[in-house]
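Here are some notes for a colleague who is opening this structure for the first time. Please read them with the model in view.

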Amino acid sequence: DALVNVEGVLDVKVSLADRSARVKHRNQVDANWLVELLNEKHLGASIKEQQGSGDNSAQHSCTACRCRTVVQILIFIVAFYADLRLKALAYSTFGFLVCVLLSYKLFYKAALALLRRQANVELMMTISAVGSALQRDFLNAAMVCVLVSLLESVSRATLEFVDRRLQNCITVPLSKITLADGAQVDISQLEIGMAFLVRAGEAIPADGHVVKGQALVDESQVTGEAFPVQKEIGSKVSSGSVVQVGFVEAVADAKADASFLSRTQDAVQEAKNTTSSTQEIVTKFAAWYTPSVVLIAITVALLQRNPNQFLVIIVAGCPCALLGAAPFVHAAAVAALAKRHGFLVKEIQVLESLARMQWLGIDKTGTITTGQFKLLSMQSFSTWQDNDLLRWAATVESKDSHPIAQSIVQSYTGCVAEFTATRRLPNVSHFKRQGRCGVMGSVEGHWIGVGNSDFLKEEDINLDSQAAAVVAEWSQKGTVLFVTVDEDVAAVLLMADSLREDARGTVAKLQSLGLRPVLLTGDKGPAAHAAAAEAGIDEVHFGLLPEEKAALLIEASWGSEAGSAKQHLNQRGPVEVGFLGDGLNDCIALAHANVGIVMRELGSQATIDAASAVLQANLGQLPAVIVVARRTQRLVIANILLAMGSNITVIIAAVSVGLPLWLSVLADNAGLLAVLMNSLWPLVWRVDPVCDDP
């Protein structure tokens, strides 16, 4: 909150997992000034890492902490030996006091917590150490400080290990690249437009396109596809892919720090620095749980007339493991989803919404279908050859940018390849577009038109009974277009958007997981119902405007209380809903869903901004993502129970049979380490995606 309203600060996200904050700010804002603002709130902040800076102060600080811990342990061993064997009380007392003083950072953090009037683990441990020292129990005071330092070093090392695992889950970082002239340079020197070489066994350093060579490329880290993909001149390549066989020379379309790999790493880090609703509940619970533990400790100490019991119980009840129960799991799950399933979440809350999601709206074109139309059938109603009619239609459509126009051109060039070596189309003159319904132009002395039924109405062209019968039949199968020659219908074309190979299997798997998939499309009824039937989707809503898709999402979120949706126009109900889309017309629906998922391969930047998650892999990865999200939620609950069970067990043991202070400290920190290690399960989970339909 100290930085939220500061001018020049763009975004602040806090990670409870590693007790750090990620601050985005304008260049004119001094990072040291931001640290000073935080420290005015007694937060004890320092710069851990600064982009574009070679400062290794954080690493040096960790090394100094480890060295101090080693010295502290050695002094404690010597003092303990002097007390136990040599009976040198003065020397042992001095050694124990030195051990206590070497924990000055612990006392500093406790003082900051006291100034903020917030009880934390450092404050509780400090109370225990100081309380023991005031009772002249210097051995226990030193033991508390040494154990805290030792276990903090172990926890820090474990967190660093986890962080490395999270990074390695995404990629092995590159440092050098080979340019087209053979020179090796640092990867940071790669600029857009520069050509680089990638040989067999090497990773592709940046997004680009191939200009020379061909290779089999392993894109499993990018798309989740297990089989290598053939890359040749003109093919797109993504950073993080690995060349298995052959070599390619590619031109960079983005710098290394703006390519797929870097975007994935940034997305994982951004998501890790957000909180979930579970974490917020746990934090609120800890706010009254900690004072309750202190009250219990005071009551037990008074009843048993043993001040040491107060120290033992407040240490045993420390909520550090409880507060780490959710963040550790979520950090591991976010990295695993990015690595194995090509799924990036913008906020941790998306994971919980995925786990609870019951209703999923799915767009048609470009989502469950390829978004690429194919010419399925052609019926001629003139004396012209089919090849001539298709060539003329392709010639006119070559001047248009509509996807269907491009498909007609491609269908002709495929036909021509069977008969002739040239793919050149004749010239077109007087080209014009007839609104949104068709195009026209003069080709080889004929006036050629291509369009839908509205185009015929605009041009006042009539259909004979034979053509009308074909149109009536084909309208149920796809999109019908007409080719006119000199203002007469010469042919009818049937165009259809083919289903993705893994769409039917994905829908079936989603249904088996208890989700209700619903097709929401702006397409016409026949095409929508045909695609839904082929994919196995039972419920279809067609002819929808973007606002109508969003309205259906809101209505679905209220479930049986659907009438409440009208009373709460833009407010979601209690049912978690999702939407899977790709186009600009999906932005409103993506923004209104609990989980808005965009297909990266087709989604525009505006669509991606509106979404809460990005699926960069095949559609078949979506059920696997939901399975991982549900497992993650169960693991968080298990961690909470583990942390609470550990605390309650130690408190009961302390009250009933009595525990030494050092054992209470050890049990508390052991609980934290157990929660941390249990949180690593997402890194080893293997959930298979849906395979392509046979």
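1. The second largest cavity has a volume of about 40 Å³, where a cavity is a set of points on a 1 Å grid over the protein atoms alone at which a 1.4 Å probe fits but cannot get out. A search of the whole structure finds 4 cavities of 30 Å³ or more.

2. This is a predicted model, in which local features need pLDDT of at least 70 and side-chain atom pairs count only at pLDDT 80 or more, while totals for chains, interfaces and linings use all residues. Residues are numbered from 1 along each chain as its sequence is written, and side-chain values use heavy atoms, with hydrogens and water left out.

3. The second largest cavity is lined by Met440, Trp447, Gly449, Phe455, Glu459, Ile461, Thr484 and Glu487, lining residues being those with an atom within 4 Å of a point. By class, this lining has 4 nonpolar, 2 polar and 2 charged residues.

4. Helix H10 (residues 307–316) and helix H26 (residues 661–678) pack at an angle of about 5° with their axes 8 Å apart, and the two are therefore roughly parallel to each other (angles under 35 degrees count as such). Leu311, Val312, Val315 and Ala316 in H10 meet Leu661, Ser664, Val665 and Asp668 in H26, a contact with 6 nonpolar, 1 polar and 1 charged residues.

5. Serine 149 lies in helix H6 (residues 138–170) and counts as buried because its relative accessibility is 11% (buried means under 20%). Leaving aside residues up to four places away in sequence, serine 149 touches Thr69, Gln72 and Ser103, contact meaning heavy atoms within 4.5 Å.

Terms used. Helix = DSSP H or I, 4+ residues; strand = E, 2+ residues; numbered from the N terminus. Buried < 20%, exposed > 50% of the residue type's maximum accessible area, 1.4 Å probe, protein only. Axes fitted to C-alpha atoms, helices over the stretch in contact; angles between N-to-C directions. Parallel < 35°, antiparallel > 145°, perpendicular 65-115°, else oblique. Nonpolar A, V, L, I, M, F, W, Y, C, P; charged D, E, K, R; others polar. 1 Å grid on protein atoms, 1.4 Å probe; cavity = no way out; pocket = protein on both sides within 12 Å on 5 of 7 lines; lining within 4 Å. Points joined across faces, edges and corners; volume = space filled by probe spheres on them.
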